[in-house]
There are 2 protein chains.
Amino acid sequence: MQRNSKLSEMAEVKLLGVLPSPYVYRVIWALKLKGIPYEFVKENLSNKSPLLLKCNPVHKKIPVLVHGEKSVCESMIIVEYINEVWPQNPLLPNDLHERAVTRFWSKFADDKGSSVLKIFRTREDEMEQVKKEILEMLQAIEDHGLGDKKFFGGDQIGIADIAFGSVIHWLTVMEEGILGAKLLEAHKFPRLYSWLKNFQQAPVIKENLPDFEEAVAFYKGLREASLGRAASK
Amino acid sequence: MQRNSKLSEMAEVKLLGVLPSPYVYRVIWALKLKGIPYEFVKENLSNKSPLLLKCNPVHKKIPVLVHGEKSVCESMIIVEYINEVWPQNPLLPNDLHERAVTRFWSKFADDKGSSVLKIFRTREDEMEQVKKEILEMLQAIEDHGLGDKKFFGGDQIGIADIAFGSVIHWLTVMEEGILGAKLLEAHKFPRLYSWLKNFQQAPVIKENLPDFEEAVAFYKGLREASLGRAASK
């Protein structure tokens, strides 16, 4: 039976997602860094496909990676799965303690980074609290996350860079499109600012970033729709 | 220099924690399942030790694992670290897709399980919402997490069992000490109920559960202190 066949590195890879979701970009970057071809399957979140509902019955969210007959959910769990299935260009250090530190920062990005996506649905009078949370997150990374390293795991992009890459890149989109001011100021967060430049200039990332102006317009539109709905409730 | 010496499986292991914290028990179970001797270093959370602040400067929380000269923070990242350093009695399946599914449920326990610890600081008039969140979590596990398996990863206790073990065991403490009623009813959640019995009866877990009556008394005390503080604000 095909269902019971051994999962192979060569099985067909599909990515169920919506663009420009920052969580979907994490998976795109991991697949591109590994050099794995895949088919992008565009989802409609207001009319979710039977495939999405079957593959992610618990959260019903994108991204989902479909690999052969099996599926994996949750962006950073997909990234770890990709790293284990295709060992080339490793996304975790070999040293076991450094691996744990990298996973710590990846989890930190997942736990705290959701503040950034709050921006587009937060009313002006509650925005100061969201900004405060984001500044605290940036300060923790600046003080403890990077040291003098180019990337979180050292010289190569790894899982913590992928996790923060989406958070911090989307912060620059929100700054431009919604806040109208910078939170990530180069003189306040020099290590983090330098890391962002390194990340965005890495060839695989540079070729696979969403169009900045389109992303700004998209989140401006989402904000208007979201606050409009809230006002008309 | 000692600081730069290669981290060895034989290096001294210390666990910084407070009993009966459910997050600390996750680490205790992982160390016991691996058969690793360790020193428990009791922390005072109202006067945190310099060692805790040095080892976990970002969150300043327990548990922290100190292994030789290095430290690891966040309970489930510590459990993955322990699993990688000491490969005996593996806590993740060998199959890469099953590993991803196990990590999915471990993350689910971390993300949703915090509702259980909310119980002791939630006022009566807000308790229905917390109960609703917990029942949704239980239903998702019942419907999608276990199937006919003894444990999340199959026949052996693994990281998802450790993650949920603390959440669900503490739920039984909160039911007894605070709610005065069962949420995890055997006839509503037969698979999950059966899993809990399997988990609690596994020898290593059974020998390393907190004393039930002491835990009930502890969380009753915490609730009174927490609500008392809220009322006097």
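Of the 154 residues in the largest nonpolar core of this predicted model, those touching the most other members are A:Leu138, A:Trp195, B:Leu138 and B:Trp195. Such a core is a set of buried Ala, Val, Leu, Ile, Met, Phe, Trp, Tyr and Cys residues joined through side-chain atoms within 4.5 Å, where buried means under 20% relative accessible area (1.4 Å probe, protein chains only). Nonpolar side chains tend to be buried together in soluble globular proteins. Beyond its neighbours within four places in sequence, A:Trp195 is in contact (heavy atoms within 4.5 Å) with residues including A:Phe151, A:Phe152, A:Phe164 and A:Ile168.

The model is predicted, with local features needing pLDDT of at least 70 and side-chain atom pairs pLDDT 80 or more, while totals for chains, interfaces and linings use all residues. Residues are numbered from 1 along each chain, chains are lettered from A in the order written, and side-chain values use heavy atoms, without hydrogens and water.

Turning to the interface, chain B and chain A each bring 27 residues to the contact. About 2,500 Å² is buried between them, with 70% given by carbon and sulfur atoms; buried area is the accessible area (1.4 Å probe) that two parts lose on being put together, summed over both. Across this interface of chain B and chain A there are 8 salt bridges, each a side-chain nitrogen of Lys or Arg within 4 Å of a carboxyl oxygen of Asp or Glu. One of them joins B:Glu84 to A:Arg99, with the closest N and O atoms 2.8 Å apart.

How values were computed: Buried means under 20% relative accessible area, exposed over 50%, partly exposed in between (1.4 Å probe, protein chains only).
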